[in-house]
Amino acid sequence: MYFPFAKVRIFIGNQPLNGKGNPWMAISWIHSLEGLGRVPVDAGNNLLVVVFERFTRQYKNVLMNKQTGRVVWNKSLPCGGYSTPVVTDNVVFTPTGYTKLAGLDVETGKVLWVHDFHTRNRATPIRVGNEILTQVGNSIYRFNEHGEIKNSTTVEGAFFFGEGKLDNRYYYVVGNENPDETSPVQKIYAFDRSDLSLKWDSQVGEGIVPSSDTSGLTHSKDLIFVSDRVGKVFAVSKNDGQIRWQQDIGASAVRHQPVVYEDHLYLTTLTGQVFALNSKTGQLIFKKELEYGI
């Protein structure tokens, strides 16, 4: 388990209790990194941590050994916006320069290539083998480890953000459209995972583009879940995008994608509320008010 803090990264590992094999949580190591910590990323035997250097306006990509906390390498790049890196066998796909995606050598941190989308990147890629799927602006891209675009598709009038989800048929993403230029609407889009053709889209509430790489949607076996700007939560069918239920929780939860576990759907708000809904019906199970915001 990994916890990011402003200047500290803590690795917590399992240790045997009294030699009886009962695990308890103990601090294995602590490593202090100057800057604002972002979402840690699993990298096999290592852990990739991105640190925002406030005064230099840089993203410092730091690869650390999971067991020892030893820094394998670090590489600073211009700030990358609201996107979390993805690590494949040979390449770290990491945001840079707000509109760009860089490929770093996973062994050394050397910059292998940089691709400029020429539009703001607000989406976190998804790994597919040693390739990635990502959405930037109104386009979906499949990149290989050489930084080559294998295929892509564009949806006129859309703006994608957050982290998409993948199953054995489709790549699901969330985005906004604003056809009358007065009131943006939010949509879920389903793209064929092989050729990236758009299979269906579904309007789900009022739109906004959150400043967060933890935004987006989540999914279960049959449903996709997303919340909108004004606090409505939607569940839509993965087959055709039809809305199965919607629930108004009265608080915006768009900066953090929902979490689904068994029959529970969990949502959090910046004001410190935690909601649990029945994932099959949308019925409210509980609402928890935390003392501090999230």
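## A five-stranded sheet

Let's start with an open sheet of 5 strands, which runs in the order E13-E18-E19-E20-E21 with mixed pairing. Its edges are strand E13 (123–124) and strand E21 (198–206), each of which pairs on one side only. Keep in mind that this is a predicted model.

In general, the strands of a sheet pair through backbone hydrogen bonds, either parallel or antiparallel. If you want a spot to look at, find alanine 158: it sits opposite glutamate 177 in E19.

## The whole chain

Zooming out, the protein chain has 29 strands and 0 helices. Its radius of gyration is 20 Å, close to the 19 Å that the globule rule gives for 294 residues, so the chain is as compact as a globular protein of that length. Along the principal axes, the C-alpha atoms fill a box of roughly 50 × 50 × 40 Å.

Take the contacts between residues at least 6 apart in sequence: 39% of them join residues at least 24 apart.

Of the 294 residues in the protein chain, 50% are buried.

On the charge side, you'll find 31 positive and 29 negative side chains. The centres of these two sets lie 6 Å apart.

Note on methods: Residues numbered from 1 in each chain as written. Predicted model: local features only at pLDDT ≥ 70, side-chain atom pairs only at ≥ 80, totals over all residues. Heavy atoms only, no water. Helix = DSSP H or I, 4+ residues; strand = E, 2+ residues; numbered from the N terminus. Rg over C-alpha atoms; globule rule 2.2 N^0.38 Å. Buried < 20%, exposed > 50% of the residue type's maximum accessible area, 1.4 Å probe, protein only. Contact = heavy atoms within 4.5 Å. Lys, Arg positive; Asp, Glu negative; His and termini not counted. Charge placed at Lys NZ, Arg CZ, Asp CG, Glu CD. Pairing = 2+ DSSP bridges.
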